[in-house]
Structures are given as C-alpha cells and as structure tokens.
Amino acid sequence: MRRYHFPWKMADGAESEAAPESGEGGLLAELLSPINLFLIFLCLYLLYKIVGGRRPASVPSKPRLPPMKKRDFSPQELQKFDGRGEPETEAGRILIAVNGKVFDVSRGRAFYGPEGPYGIFAGRDASRGLGTFSVDKEAIRDEYDDLSDLNAMQWESIREWEQQFQAA
Ligand code: HEM
C-alpha cells in the first residue's frame with residue numbers, strides 16, 4: 001500500500017509506524033507521490049509570491065504639479081504652456097488642446113516636452129495634427145483653426161484622441 005508522509009498519525013495504529021516502503025521505490029517514490037508533488041509546488045509558488053512579489057517599500061513618485069483651475073485660453077495664452085520652463089514647476093507645465101478642450105499633459109513630458117517626439121503639440125491646438133496623423137509644422141496653426149476642411153475620418157480620429165486624453 002502507498003503511504004503518504006503526513007505528520008499526523010493515521011487512525012489505524014499499525015499504519016502509524018514509519019516502516020520502509022517495500023517494492024515501490026522507497027523514499028523517492030514516496031517523495032514523488034502526487035500529493036507531495038502538489039505540496040512542493042504549492043510551497044515553491046508561495047515562496048515565489050513572498051520573495052518575488054516584494055516591492056520596494058516606497059517607490060518615489062514624480063512630484064505632481066497642482067491641477068490648474070478650469071479656464072479658457074486663446075491660442076496665444078495656450079502657447080505659454082509649451083513646457084520649456086523648468087520641469088515640475090509652473091513654468092514647465094505642458095498643455096495641449098484637442099477639439100476645443102485643453103488637457104494638462106505635463107506628466108507626459110517624454111512625449112510632449114521640448115525634446116519629445118510630439119513636442120510640436122505643446123502649448124498648441126493639436127487637433128489638426130492628430131486628425132491628419134502628422135507632426136509636421138503644417139499641421140499646427142498659430143491662429144485659431146476652425147478645422148472646417150477636415151473630413152469625417154479625420155474628425156473621427158480627433159474624437160478618439162480626445163477620449164484618450166480625457167481618460168488619462
Ligand atoms: C512611425 C510613426 C509612429 C510611431 C512608430 C509611433 C509610436 C508611438 C509609441 C510607441 C508611443 C508610446 C505609446 C505608449 O507608451 O503608450 C506613441 C505615443 C504617441 N503617439 Fe505615436 N508613433 C508614430 C507616429 C505618430 C504620429 C504621426 C502622431 C501624431 C499625429 C502620434 C501621436 C502620438 C501621441 C499623441 C502619443 C502619446 C500618447 C500619450 O500621451 O500617452 N504618433 N507613439
């Protein structure tokens with residue numbers, strides 16, 4: 001009979017003695033019994049969870065600029081928020097406009113900062129660029145842009161970007 005290595009005594013007194021296994025591979029067979037394998041894997045899994053899952057006690061988080069009060073901007077007012085000032089200070093704040101809404105993207109400095117690939121959108125209305133999938137100068141207007149020449153697909157794209165910024 002296969003004997004499992006439980007720490008408690010079995011109900012049957014005769015079975016409680018740790019007698020060597022006969023004819024079944026002895027200790028190895030006992031170790032490799034399904035329940036022992038299961039317990040070994042469980043222990044390893046729990047050990048992994050305890051040791052591997054540990055995070056540093058405090059991950060220093062980027063200081064956040066206080067949110068701005070809701071307000072209107074002219075294209076010229078928006079341009080002041082192009083993130084060219086000291087990062088993490090008011091002068092480093094980055095705003096971009098999409099479909100008439102202004103979003104604070106200061107935390108996405110790697111994208112929208114002066115060195116970022118989408119830096120051209122900083123302090124601007126990015127709608128035309130996002131709608132036409134372009135980061136070229138031609139996709140950015142200094143004056144108010146009514147976007148009236150854009151087609152339905154480009155508008156759809158603008159609205160998708162708008163939703164993405166809204167959700168961020
Ligand atoms: C070959 C062309 C392009 C490639 C390979 C590319 C690739 C990427 C990648 C890898 C990201 C980061 C995604 C993430 O980590 O969440 C990103 C973000 C972004 N891309 Fe592009 N991109 C391309 C062109 C463009 C163009 C033309 C535009 C503008 C119309 C654009 C707009 C953006 C914006 C706005 C983000 C930032 C999203 C955020 O704030 O999280 N991309 N892009």
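Trainee: How many residues lie between E1 and E2 in their hairpin?

Mentor: Strands are DSSP runs of E, at least two residues, and helices are runs of H or I, at least four, numbered from the N terminus. E1 and E2 form a hairpin with 2 residues between them. Asn99, in the turn, has a positive phi of about 50°. This is a predicted model: local features need pLDDT of at least 70, side-chain atom pairs count only at pLDDT 80 or more, and totals for chains, interfaces and linings use all residues. Residues are numbered from 1 along each chain as its sequence is written.

Trainee: In which sense do E1 and E2 pair?

Mentor: Two strands pair if DSSP finds at least two bridges between them. Here E1 and E2 (residues 101–104) pair in the antiparallel sense over 4 bridges. Ile96 has Phe103 in E2 as its bridge partner.

Trainee: Which residues have the most contacts inside the largest nonpolar core?

Mentor: A nonpolar core joins buried Ala, Val, Leu, Ile, Met, Phe, Trp, Tyr and Cys residues through C-beta atoms within 7 Å. Buried means 20 or more other C-beta atoms within 10 Å of the residue's own, with C-beta atoms placed from the backbone. The largest core has 14 residues; Ile94, Ile96, Val98, Tyr112, Phe121, Ala122 and Ala126 have the most contacts inside it. Its largest share, 4 residues, comes from E1 (residues 95–98).

Trainee: What is Phe121 in contact with?

Mentor: Contact means C-beta atoms, placed from the backbone, within 7 Å. Leaving aside neighbours within four places in sequence, Phe121 contacts Ile96, Tyr112, Ala126 and Gly129.

Trainee: How many of the 16 residues of H6 are buried?

Mentor: The count is 1, so H6 is hardly covered.

Terms used:
Buried ≥ 20, exposed ≤ 12 C-beta atoms within 10 Å, placed from the backbone. Contact = placed C-beta atoms within 7 Å.
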